[in-house]
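I opened my notebook to record what I looked up in this structure. The entries are kept in the order in which I made them.

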Amino acid sequence: MDKALRPRSTGFGEIEEIEDEVGRQYNRFNNFELVSSSPCDHHYLMETQYLCTKLIHMHRFRKTMEEECRLLEKHIPSSIFVRTYKHRIDLMRAAFFGPPGSDYEHCLFFFDICFPLNYPSVPPNIHYLSYGLDWNPNLRPNGRVCLDLAETWYDHLKQFWPGSNRKQKRDFSVLQLLHAIQNLISCRSGPLEKHNAKAFARACEKITRILRKPPVGFEYFVAGHFRQRAHPVLLKFKEHDYEDEFMIDLFVRMFKVFQRNGAYCKHHLDFLKSRNRSLADGDQY
């Protein structure tokens, strides 16, 4: 693999000895970008309404989405990454960082979005890429996005969406929609705790699954992100001085996951040595 000569700091306590293609592509990964082709794994790729529309409706819809994209490109937060598609302007894919200070702050959250052709009179459809994990009451394993266990996100959104029959209306934009999704990620099913071993273990499991099968179009972003976050994730095991077998096995597993992803992690092996364990133990990636 092509190598650069200069060492580079990741900003999370790690030093990468080389910058390879993953590092270069990650550093060039913009928060917003319009790319040519839509990803083959997008949840709404097979939606046929986009292909069966009269040109007059398509022109209006395209103009609306172009305005939304200009707004996004100018104001998108640094913690959100969005891809839109030149040949499928009704589709969008968004990635979010985990909430700072939480047990899953180093994790990633992905959403597929589909805009109906009568948008913004009708809100977009949203699908959460759950990787089979039950995250919180708002983000379900089947991809459903909810405000709570009883009320769907879509129903809530329609209450104040332009074009609804409600007397009280509020202007919405894609940017506001992304902020609302970010707030959903931050919601928890229970009281806020400084640290929760189960939540941290669930975040580690999600990291493993995302690295195994990153969303199409975000492969370099995923690899580069978790190279940078390997050090703070492994450091959490030492910070909380885990002694139980499950967490020690999880450390071994995450060590191997990050090593295979190209992160330098050998200086974290003192966690195992102090517990009379070795890399021969634990789960396999």
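**Ground rules.** I number residues from 1 along each chain as its sequence is written. The model is predicted, with pLDDT of at least 70 needed for local features and 80 or more for side-chain atom pairs, while totals for chains, interfaces and linings use all residues, and side-chain values use heavy atoms, leaving out hydrogens and water.

**Confidence.** I looked up pLDDT, the predictor's confidence in each residue from 0 to 100. Its mean over the protein is 81, and 76% of the residues reach 70 or more. Residues 1-9 stay under 50, and residues 148-153 are also below 50. Where pLDDT is low, the predicted coordinates should not be read in detail.

**Overall make-up.** I found eight helices and seven strands; these are DSSP runs numbered from the N terminus, helices being H or I with at least four residues and strands E with at least two. Of the 285 residues, 50% are buried. Buried means under 20% relative accessible area, exposed over 50%, and partly exposed in between, with a 1.4 Å probe and protein chains only.

**Phe-96.** I found this residue in strand β5 (residues 88-97). Is Phe-96 buried or exposed? Phe-96 counts as buried because its relative accessibility is 0%. I then listed its contacts (heavy atoms within 4.5 Å). Beyond four places in sequence, they include Ser-79, Cys-107, Phe-109 and Ile-185. Cys-107 is eleven residues from Phe-96 along the chain, and their C-alpha atoms are 8.6 Å apart.

**Cavity.** I looked for cavities, meaning sets of points on a 1 Å grid over the protein atoms alone where a 1.4 Å probe fits but cannot get out; lining residues have an atom within 4 Å of a point. The structure has one cavity of 30 Å³ or more. The largest cavity holds about 40 Å³, a volume being the space filled by probe spheres set on the points, which are joined across faces, edges and corners. Cys-107 turned up again here, in a lining that also includes Tyr-104, Phe-200 and Lys-236. Helix α5 gives the most to this lining, with four residues.

**Pocket.** A pocket is an open set of points with protein on both sides within 12 Å along at least five of seven lines. I counted 16 lining residues, with Asp-41, Leu-129, Ser-130, Tyr-131 and Lys-213 nearest the centre. Strand β7 (residues 125-129) supplies the largest share of this lining, three residues.
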